[in-house]
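Me: I would like to go through some labels used for this structure and ask what each one rests on.

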Amino acid sequence: MGIEIERKFLVTSDLWKASATAGIRFRQGYLSRAGNCSVRVRIEGNKANLNIKSATLGITRQEFEYPIPTSEAEELLTLFCPQTVSKKRYLVSYAGHTWEIDVFEEDNSGLVVAEIELTDADEKFERPPWIGREVSAEARYYNTELSKYPFIQWKDDSS
């Protein structure tokens, strides 16, 4: 079983851009969000994956990921995922950790979230100066929710 330990934070400034890698475009949709898991199709640059993730709030979740042909991922998204999430992901190294900065596009434009994957739920890490409030336990920041209820529909209480 795969375990993902990840924390999410809002990004408060563009300071991260100075040390970011070139961004990779992501497009993803959900084949299922029912019950105790979600099933996602994701195209990440020129590769694609099918992902199954436990539907639990918090920083620790079960996750399984399998490569699939990009052409099949495109077809699955077209046929079965009318609500998709598009974003550009950048990587930033900071104090011994790699941060993933997701700059959302289309209906989620304006939302920028930083994620850090950890090896232990209690692992200590240094927060970069461009990190704001933690949103790990807030479901609306999960991509599954952003596909159903995008950022542009939120009220002004989004940050």
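Me: Why is Ser-38 called buried?
Reply: In this predicted model, Ser-38 has a relative accessible area of 8%. Buried means under 20%, so Ser-38, at 8%, is called buried.

Me: What makes strand 3 largely enclosed by the rest of the structure?
Reply: Strand 3 covers residues 37-44, with Ser-38 among them. Seven of the eight residues of strand 3 are buried, and therefore the strand counts as largely enclosed.

Me: Which residues does Ser-38 touch, leaving out those up to four places away in sequence?
Reply: Ser-38 touches Tyr-30, Ser-32, Arg-33, Asn-51, Ile-52, Lys-53 and Thr-144. The cut-off for a contact is heavy atoms within 4.5 Å. One of these residues, Lys-53, stands opposite Ser-38 in strand 4.

Me: How do you know that strand 3 pairs with strand 4?
Reply: Pairing requires at least two bridges. Eight bridges join strand 3 to strand 4 (residues 47-54), so the two strands pair, and they run antiparallel. They form a hairpin with two residues between them. In that turn, Gly-45 has a positive phi of about 65°.

Me: What makes strand 2 and strand 3 a pair?
Reply: Six bridges join strand 2 (residues 24-32) to strand 3, against a requirement of at least two, so they pair. The two strands run antiparallel. Gln-28 has Arg-42 in strand 3 as its bridge partner. The hairpin of strand 2 and strand 3 has four residues between the strands, and Gly-35 there takes a positive phi near 70°.

Conventions: Residues are numbered from 1 along each chain as its sequence is written. This is a predicted model: local features need pLDDT of at least 70, side-chain atom pairs count only at pLDDT 80 or more; totals for chains, interfaces and linings use all residues. Side-chain values use heavy atoms; hydrogens and water are left out. Buried means under 20% relative accessible area, exposed over 50%, partly exposed in between (1.4 Å probe, protein chains only).
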